[in-house]
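Please read the following points alongside the sequence and the coordinates. They take up selected helices, strands and aromatic contacts in turn.

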Amino acid sequence: MEKFDAILLKGGTLVSKDYDLVKSDVLIRDKIIVEISKEIYKKQNYKVLDAADKIVAPGFIDIHSHIDFYQPFREHRDLYEPLLFQGVTTCLGGNCGHSIFPVVKENINSFLDNSRFLLFDKIDFKWGGYKDYLAQIKNKILFNFASLTGCSTLRIDVAGFKRKLSDSDFKKMEQLLVETLESGSFGISSGLMYMPGTFSDTDELIKIAKIASRFPNVIYTSHMRGYSYNFLESIKEIIKIGRATGIKVHCSHLGPFGIQFAPKIREAINLIEGARVEGVDITYDSLSYLGGNTSIMAIFPPWAFEKGHEKFLKAIKDNEFYKKLINYIENHIPKWPPWEEDGWTDNFVLSLGWDNLIALGPKNKELVGKSIKNIAEERKISVQEALRELLLEEGPGLSVYFRGVGGALSDNDENIKYFDEMIENGLCLTASDAIFSRTGFSMPYLYGTYSRIINRYVKIKKSMSLKKVIERFTSRPAERFGFKSRGYLRKNYYADIVVFDINNYRDYPDIFAKNPKYTTGVEHVIINGKPVIEDGKNKRLIAGDIILNR
């Protein structure tokens, strides 16, 4: 391994909370920034990295990741390489109610059912609680890692897919949560679209948020209870939780499902801004592209598969059951509050349409990029029958791309103005939400989340300054989630740094490309003082630290 006393970033242009296009040198020793000056002279045993005519910024922070499910696999270093080449140095896991800890063996099958779309491969659970999980990944991770605790995981641990928790169930859930928070979790997340989170009423969420709020610097984030028919009611619910508990609250990937709901983005932002005026500490994040992906099971109401996926797959072979199910998903509009009905939050067939439900990660690679409507036409069957065949062939772990998430179908749609307003608002943070199918396909977020924002909003639209965007990627998430001594270019702070050529830094969106193109323009990425990318080449170093809420 190369030996040197310090790293000198020479001649760069600094952009961060504290700098706006300021030419300076940066000296790094071990994991820490030790000096920032206009001119730092090279000494013997300094490793010099040329940053002339390049932007030098703090490493980017991905606040909405599912990396906790992939870090136990050595392959995560390759899977997440495209994110590294965007300049990401830190990821927050445990989002959408899903965390890979704590694991209770009595309900492991229910946990696997619930998390199937996040599981890249079979996994050997060598941990129970968060502390054990961290011991398994220590010194083996690509990025710095922090995590939330998933409320759905907690619920499954104590009660499987049961609709209503008993007092005893909740007490066990509290105990598991406290253990994770004592071990350094940064708070809780809910996934109210997914079972069993969809069965948690607002009072239950307030109770668990109050438990979390006993700990300093915690946050409650939520994949909300509805992004279509109940979009605004879902935001009001998060505001209610924040108001009742005093906990920081955060709406995950805010964009609505379906073009007809795009105008509600303005109403949503008005609700959030109004709540802040009233003292509720609320923010939100957004994906950078239109569209989203999750499990194919999101298409179905919870009652259809609450007995487990295996029984569901058997049930859909029965024509009477399947006819009833199809009639439901083609006609039923979810009501508020969903838990008083059947728990269903979003009807993707009604809000998006059959032609916008697209196979992303099938075993049969010939299906990648084909909508259910396309598959039906090719097989000369109905869309309803095509859906059944797809389920029986691929299983419930199939990842599906939903076109129209964010309120528009493309950048050329008139509705894109609402999406742009959401991105350009000062409360918005940026997140990748990258997940991987069994075939390795992922969404363009993995390849261009951060470069898309800079390319579209700084370089093309010129609606945001580079400084404001860099703050959104760095100091603002560090402050919001409480990552100490990160997110800034400051003396005695951790040396998580990206160096990139602003002229060449851009994304290449192609959702279903067989060989997706990485973001270009990144010259160097430093994580905890280690040059992980040097002169545009991945050095395959493992430099990530575990960040604990302390």
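**Notes on the predicted model**

1. Helix H6, covering residues 167–182, has 16 residues and reaches 22 Å from its first C-alpha to its last, close to the 22 Å expected at 1.5 Å a residue. This, like everything below, is read from a predicted model. Buried positions in H6 are Asp169, Phe170, Met173, Glu174, Leu176, Leu177, Val178, Thr180 and Leu181, a list that includes the acidic residues Asp169 and Glu174. The cover over these buried residues includes helix H4 (130–137), strand E9 (149–150), helix H5 (151–159), strand E10 (187–191) and helix H7 (202–212). Just after H6, glycine 184 adopts a positive phi of about 115 degrees.

2. An antiparallel arrangement is found for strand E2 (residues 20–29) and strand E3 (residues 32–37), which are joined by five bridges. Aspartate 25 has serine 37 in E3 as its bridge partner. The two strands, E2 and E3, form a hairpin with two residues between them, and aspartate 30 in the turn has a positive phi of about 55 degrees.

3. Helix H11 (residues 319–331) has 13 residues and spans 18 Å between its first and last C-alpha, close to the 18 Å expected at 1.5 Å a residue. Its buried residues are Tyr322, Leu325, Ile326, Tyr328 and Ile329. Seen down the axis of H11, these buried residues fall within an arc of 160 degrees, so they line one face of the helix. They pack against helix H10 (309–315), helix H12 (348–352) and helix H14 (383–394). On the face of H11 turned away from the buried side are the exposed residues Asn319, Glu320, Lys323, Lys324 and Asn331.

4. How many aromatic pairs does a search of the whole structure find? The search finds 32. Among them is the pair of phenylalanine 60 and phenylalanine 473, which is edge-to-face, with 4.9 Å centre to centre and 65 degrees between the planes. Phenylalanine 60 lies in strand E6 (residues 60–62) and phenylalanine 473 in helix H17 (residues 466–473), so the pair ties together parts that are 413 residues apart in sequence. Phenylalanine 60 is buried, with a relative accessible area of 0%, and phenylalanine 473 is likewise buried, with a relative accessible area of 0%.

5. One aromatic cluster is formed by Phe69, Phe101, Phe111, Phe125, Trp127, Tyr130, Tyr133 and Phe145. Charges over rings deserve a separate look. Arginine 486 lies over the face of tyrosine 494, at 3.8 Å from the ring centre, and the charged end of arginine 506 sits over the ring of tyrosine 508, 4.1 Å from its centre.

Notes. Residues numbered from 1 in each chain as written. Predicted model: local features only at pLDDT ≥ 70, side-chain atom pairs only at ≥ 80, totals over all residues. Heavy atoms only, no water. Phe/Tyr/Trp six-rings, centres within 6.5 Å; stacked < 30°, edge-to-face > 60°. Helix = DSSP H or I, 4+ residues; strand = E, 2+ residues; numbered from the N terminus. Buried < 20%, exposed > 50% of the residue type's maximum accessible area, 1.4 Å probe, protein only. Lys NZ or Arg CZ within 6 Å of the ring centre and 35° of its normal. Expected span 1.5 Å × (residues − 1). Contact = heavy atoms within 4.5 Å. Pairing = 2+ DSSP bridges. Arc of directions from axis to C-beta.
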